[in-house]
Amino acid sequence: MNTSKNRYKVKAGNPMQLGARKTKDGINFAVMLPDRKKESASVVLYEKGTTEVISEIPFTEEMTFGKVCSMCIQGVNANAFDYNYKIGDRVMTDPYAALVNGTKVFGENTAESKTSSVYSDRFNWDNDIKPGTDFSDTIIYRLHVRGFTKNRYSKTRRKGTFAGIVDKIDYLKELGITMVELMPAYDFNEKPLKGDKINYWGYCDADYFMPKVSYSASGDGKGAIREFKTMVKKLHAANIEVCMEFYFNRNITPAFMIDCFRYWVINYHIDGIHCNLDEDIRGAISADPYLADTKIISYGFSNDEFSDKKHLGEYNRAFMNTARKFLKGDEGQVMDMAYRIRYNKSFAQAINYFSTNDTFTMMDMVSYDGKHNQDNGEYNRDGIEDNNSWNCGYEGYTKKKVVNELRQRQLKNAYAMLMFSQGTPLIYAGDEFGNSANGNNNPYCQDNDVSYLDWRLTERNKWLLDYVKWLIDFRKSHKILHMENPMEGNDYRSLGMPDVSFHSDRTWILQFDVLSRQFAFMVYGKYTTVCKLPEEPSLYIAFNTHWEEKTLGLPTAGKNRDWKQVMSTEPGYNADIISEKNKMARTVKIPPRSVLVLESYEIEEKEEKKPEKKQVRKKLTRSRRK
């Protein structure tokens, strides 16, 4: 190994820009020492495309700035070598490397085989414009890049890749998606966990500045970069945003996180970041000027004093847990569900979902009472225990008609709850056509058909896919279902009725005793004028998760207006509206385990026919004769 630096001119570099960059003076290297104790550090140069060391150049004292080491090497061609850093006895890739080599096969990504490269991409963005969809109008589709199209029935040649997502753009657009959220798609180390199992999800250490090479059809680093950017560009052309999920170990600094987020937003044009962060870090990121127009999704935010547009998203399980309990008919859930229906914040958008990667899929939620994770190799001890699920009378797959009909209705009810709530809905990929993981609620190590989407189900469960499309379209066409600011539950603009009101057995009153499993809410269409939009029809949406028919109070639809049925999850049902003494005191019957939607419409006034003049005269003459 040649450790001399006689062929190169080496001097102290610029420590302000971490990573390896071409400058007018040469190539500037800057790395932050990762450990608390001070260790020796050096740049290791390799023959291009190999792990053969051609030189190792140590950082000297004058090249050290606190915990940052930086040198500028002159007289070298960036295209002639690859590099890594050596800290103490450990060789590591550059945490800020724009290009990483040696990771093209999924499941074989280990630190020992990787090197870093100096790389400047010249991708043609062709004036790419981000869609900039308002958070309140967003429909999120969360997917795993590999699992989305890896199945043999995905009808794409470029299976399990960024390019495979491009092949599904028409599908996503037809479904009504406005944002795709990618589970970790940077170059994470899916090193073996136990035996031959791998970290399929990607919640582990990684090369964070590099798209995952094994998620590209080309199978090389430069190709992965171009393919990811092409994917973003084409999704933007279809008016679909791109959000990236990140996971960081505890030893990662907030400064590194912010640099990482900025890099992806600026260099890869992504529109959103999802990362579960501590509160102090969330505050710093929400205030970062480079991310002011980027959707930031994390746990709850306490405030936002720096942005004039809502760009923060609150991601937690509160909606899922409450909605699942209410869906299966648990006691005492009415008050919590009513709260979740209207829940939102003025400065942060609620993100609502029924399932995600570490829960039952929506189909499994209505098909299994307990988890079935034996294939994970942990004796079914992994994964959450309390799934708030109900198998509808039979555990797992069945051909029993009565069970399958109930499951279908429960899925329809669940999607109605999701789409009719004020928060932004998130769909976990495949749930829209009933994808199943065979009861595995934690398939973190399953790189197989358990985790891949079975695209045959788009035809087999076309009834569900079409229903979800209709619901998304209905939500989009009714702004009153997804207002930007929280609904207050009162008539704060004196428009005639509250913006949202709740009803139970008695109109205008929400009864939430422990045995109650039904309620309705009305959103008043005039309140869209607050957003400077035309007035919309009002909607009355009733939920009955009881196993018996229930009767709920039905408020007036407004002056010269009445109600008509839009949809019911009970097949063939026509709303049974019962008038009491007058239209001000009416009720409506809701079938068991169903959702009913009524929409207000304007009643045409019937003009009274006046008798003709001749007829009047005749009547008067006869009267005189008498």
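Contact on this tour means heavy atoms within 4.5 Å. Helices (H or I, at least four residues) and strands (E, at least two) are DSSP runs, numbered from the N terminus. The model is a predicted one: local features need pLDDT of at least 70, side-chain atom pairs count only at pLDDT 80 or more, and totals for chains, interfaces and linings use all residues. Residues are numbered from 1 along each chain as its sequence is written, and side-chain values use heavy atoms, with hydrogens and water left out.

**Stop 1: H7 against H10**

Select helix H7 (residues 318–327) together with H10, which covers residues 401–419. On the H7 side, pick Phe319, Ala323, Phe326 and Leu327; they meet Gln410, Asn413, Ala414, Met417 and Leu418 in H10. Sorted by class, this contact of H7 with H10 has 7 nonpolar, 2 polar and no charged residues. (Ala, Val, Leu, Ile, Met, Phe, Trp, Tyr, Cys and Pro count as nonpolar, Asp, Glu, Lys and Arg as charged, and the others, Gly among them, as polar.)

Now for the geometry. Axes are lines fitted to C-alpha atoms, for helices over the stretch in contact, and angles run from 0 to 180 degrees between N-to-C directions. H7 and H10 pack at an angle of about 140 degrees, their axes 11 Å apart. That makes H7 oblique to H10; angles under 35 degrees count as roughly parallel, over 145 as roughly antiparallel, 65 to 115 as roughly perpendicular and the rest as oblique. H7 passes H10 in a right-handed crossing, where right-handed means that the near helix is turned clockwise from the far one by less than a right angle, and left-handed anticlockwise.

**Stop 2: H10 against H12**

H10 passes H12 in a right-handed crossing.

For the contact, show Gln408, Leu411, Lys412, Tyr415, Ala416, Leu418 and Met419 in H10; across from them are Trp463, Leu464, Tyr467, Val468, Leu471, Ile472 and Arg475 in H12. By class, the contact of H10 with H12 splits into 11 nonpolar, 1 polar and 2 charged residues.

**Stop 3: H5 against H6**

Next, select helix H5 (residues 254–267) and helix H6 (residues 279–286), whose axes come within 11 Å and cross at roughly 40 degrees. H5 passes H6 in a right-handed crossing. Pro254, Met257, Ile258 and Phe261 in H5 meet Ile281, Ala284 and Ile285 in H6. The residues of this contact of H5 with H6 divide into 7 nonpolar, no polar and no charged.

**Stop 4: ring pairs**

A pair of aromatic rings is described by the distance of the centres and the angle of the planes. Rings of Phe, Tyr and Trp (its six-membered ring) pair if their centres lie within 6.5 Å; planes under 30 degrees apart count as stacked, over 60 as edge-to-face and the rest as tilted. By this rule there are 50 aromatic pairs.

Zoom to Phe360 and Tyr368: their ring centres are 6.1 Å apart and their planes at 35 degrees, so the pair is tilted. Phe360 is buried at 0% relative accessibility (buried means under 20% relative accessible area, exposed over 50%, partly exposed in between, with a 1.4 Å probe and protein chains only). Tyr368 is buried too, with a relative accessible area of 10%.

Then move to Tyr492 and Tyr527, with ring centres 5.0 Å apart and planes at 45 degrees, so this pair is tilted. Tyr492 lies in the loop between H12 and strand S22 (500–503) and Tyr527 in the loop between strand S23 (518–523) and strand S24 (539–544), so the pair ties together parts 35 residues apart in sequence. Tyr492 is partly exposed at 32%, whereas Tyr527 is buried at 1%.

**Stop 5**

While at the loop between S23 and S24, pick Lys532. Is Lys532 buried or exposed? Exposed: its relative accessible area is 80%. Phi of Lys532 is near 60 degrees, a positive value in a residue other than glycine.

Asp126 sits in the loop between strand S11 (115–117) and strand S12 (140–143). Asp126 has a positive phi of about 50 degrees although it is not a glycine, and at 46% relative accessibility it is partly exposed.

Finish on Ala350 in strand S20 (residues 348–352), buried with a relative accessible area of 3%. Leaving aside neighbours within four places in sequence, Ala350 is in contact with Glu314, Tyr343, Asn344, Gly423 and Thr424.
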